[in-house]
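Please read this briefing alongside the sequence and the 3D view. It is arranged by topic, for a reader new to the structure.

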Amino acid sequence: MIQGISYAALSPVLIVALAGLALLLADAFEVPRRVLGTGAVAALAAALVAVFALVPGRPHVTFCVPASLRGAGPLPCSYIVDNFTLTFQGIVLASALVVVLMSLDSLDDVPMGEYLFLVFCAVVGVLTLVAARDLILLVVALETLSLPVFALVALKRYDGRATEAAIKLFLVSVISTAILLFGISLVYGATGTMHVGLIGPVAADLKPVMAAGIVMIVAGFGFKVAAVPFHFWAPDVYQGAPLPVAAFLSVISKAGGFAGLAIVLALGFSSYGHVWGPLIAVLAAVTMTAGNLMALRQTHAIRLLAWSSVAQSGYMLAPLAVGSHHTTQAVAATVAYVAFYAIMNLGAFAVVTGFGPRVLVEDYRGLARVSPWHGAALAFFLLCLAGLPPGIMGLVAKIVVFEGVVTGGVTWLAVVMAINTVIGLYYYLAWAVRLFQPATGSVSLPQGLPFRSAVAVTAAGATVLSVEPQLLLQATLSLG
């Protein structure tokens with residue numbers, strides 16, 4: 001029963017975990033905030049280097065069933081580092097680095113050591129989740145992601161909105177976890193295995209039990225990715241949480257949720273595509289429609305970004321609606337959209353974080369006239385989210401998911417996506433236009449190298465990928 005451990009496969013997770021503990025201990029010895037922030041950025045950069053070091057060669061596996069017990073058949077391993085894993089780990093670590101940069105200038109009223117420790121714990125959960133290949137490790141990693149987030153949302157201890165947001169997120173997460181665990185128990189009871197790769201062959205003839213388990217597992221992940229009707233926590237939590245935490249939820253937490261959903265659907269339940277395919281299609285259509293329609297009504301900047309994030313979840317879900325047809329290509333399309341979305345959404349959050357006191361969309365009127373760089377950057381990110389030139393990366397992301405849906409034969413969903421893309425143009429463009437209109441009041445410009453670095457990094461990434469989107473497409477679409 002002795003399992004070998006590949007420390008190379010675990011190196012990104014170990015670097016982040018050890019760095020989180022070191023930052024917490026350093027804070028106890030009253031190390032300056034700026035030093036803690038520099039250490040956090042260096043640790044995430046080191047973990048990112050470890051991810052790139054794992055790219056060449058065959059997949060790395062660890063926590064595998066010993067040869068004496070597995071018998072004939074494929075090697076069942078709980079932790080596998082393949083191209084899918086490395087792509088998501090790269091997205092998560094790069095996004096976490098930007099979130100940390102956003103935090104250093106905007107969270108003066110929270111204990112930085114505790115904050116960074118909680119962020120790193122959540123990142124450890126996501127890094128493990130995207131490599132998990134058995135249902136137990138998947139749930140443990142998902143909870144390792146979720147539990148620190150509750151504390152992050154409520155870290156401003158004397159802010160009633162933050163406390164209310166944390167309670168809402170906690171209650172919703174508990175319910176979603178219970179549903180997810182119930183679904184997993186049905187699958188395990190029916191198949192007798194927790195390894196995702198072994199579920200499909202065993203489950204082929206277990207239709208009623210497996211169908212119920214699959215629906216509950218999809219519902220459990222639906223809460224994590226803020227898919228309608230499991231989305232109702234998102235606007236209030238985004239508004240009540242510190243802005244960098246809202247950015248974390250909108251990108252890193254969501255990336256983990258989509259990775260877990262893709263793993264269980266594509267690897268474990270591929271033979272049940274006729275069950276989860278139509279379900280995902282309906283969820284995608286309702287999610288993008290509700291998100292866009294509600295975003296049209298928003299005057300609060302963060303609530304608009306929250307509903308926009310809900311709508312974007314619908315686009316990410318759409319390729320998975322093809323079911324068992326072209327599943328690997330569908331997963332690759334979802335991964336590509338998540339990667340593009342991470343850059344443009346983090347960029348929008350970075351600019352908004354720098355202008356924290358501006359709570360209404362109207363408050364951004366004239367920003368480009370007072371601060372041309374920041375106004376132009378925010379306008380560029382909004383155009384990327386809308387899929388309009390010069391934000392070509394957003395257009396390419398939508399084309400990728402459209403192609404995945406049409407290739408899979410779900411034509412009606414492609415029509416819904418086209419209608420929703422037009423709806424989304426209005427509120428993105430309305431905000432972008434305000435940036436160039438005459439200012440109605442005084443504008444205080446943000447200061448600090450970390451904030452400027454976060455905006456610069458995301459703007460540079462969005463610009464490069466708008467000029468050369470194939471740089472990212474070659475890495476993500478090759479997964480299919």
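At 21% relative accessibility, Asp-82 counts as partly exposed; buried means under 20% relative accessible area, exposed over 50%, and partly exposed in between (1.4 Å probe, protein chains only). This is a predicted model, in which local features need pLDDT of at least 70 and side-chain atom pairs count only at pLDDT 80 or more, while totals for chains, interfaces and linings use all residues. Residues are numbered from 1 along each chain as its sequence is written, and side-chain values use heavy atoms, with hydrogens and water left out.

- Side chains of opposite charge can pair when their charged atoms come close.
- A salt bridge is a side-chain nitrogen of Lys or Arg within 4 Å of a carboxyl oxygen of Asp or Glu, and the count by this rule comes to 7 salt bridges.
- Helices (H or I, at least four residues) and strands (E, at least two) are DSSP runs, numbered from the N terminus.
- Arg-133 is buried, its relative accessible area being 5%.
- Asp-105 forms a salt bridge with Arg-34, and the closest N and O atoms of this pair are 3.6 Å apart.
- Because Asp-105 lies in helix H4 (residues 83-106) and Arg-34 in helix H2 (residues 33-53), the pair ties together parts that are 71 residues apart in sequence.
- Asp-105 is partly exposed at 23% relative accessibility, and Arg-34 is partly exposed at 46%.

- Lys-168 and Glu-164 form a salt bridge with their closest N and O atoms 3.2 Å apart.
- Both residues of this pair lie in helix H7 (residues 160-191), 4 residues apart, or about one turn of the helix.
- Lys-168 is partly exposed at 28% relative accessibility, as is Glu-164 at 44%.

**Cysteines**

- A disulfide is a pair of cysteine sulfur atoms within 2.5 Å, and the count by this rule comes to 1 disulfide.
- Cys-64 and Cys-77 form a disulfide with their sulfur atoms 1.9 Å apart.
- The pair links distant parts of the chain, with Cys-64 in strand E1 (residues 60-64) and Cys-77 in strand E2, 13 residues apart.
- The link of Cys-64 and Cys-77 is right-handed, with 100° about the S-S bond, and both cysteines are buried.
- Cys-121 is partly exposed at a relative accessible area of 23%, whereas Cys-384 is buried at 0%.

**Helix H5**

- Helix H5 (residues 112-129) has 18 residues and reaches 26 Å from its first C-alpha to its last, close to the 26 Å expected at 1.5 Å a residue.
- The expected span of a helix is 1.5 Å times one less than its number of residues.
- Of the 18 residues of H5, 16 are buried, so the helix is largely enclosed by the rest of the structure.

**Gly-273**

- Gly-273 is found in helix H12 (residues 273-296) and is buried at 5% relative accessibility.
- Gly-273 touches Pro-278, Gly-323 and Ser-324, not counting residues up to four places away in sequence; contact means heavy atoms within 4.5 Å.
- Gly-273 and Phe-182 are 91 residues apart in sequence and 20 Å apart in space, C-alpha to C-alpha.
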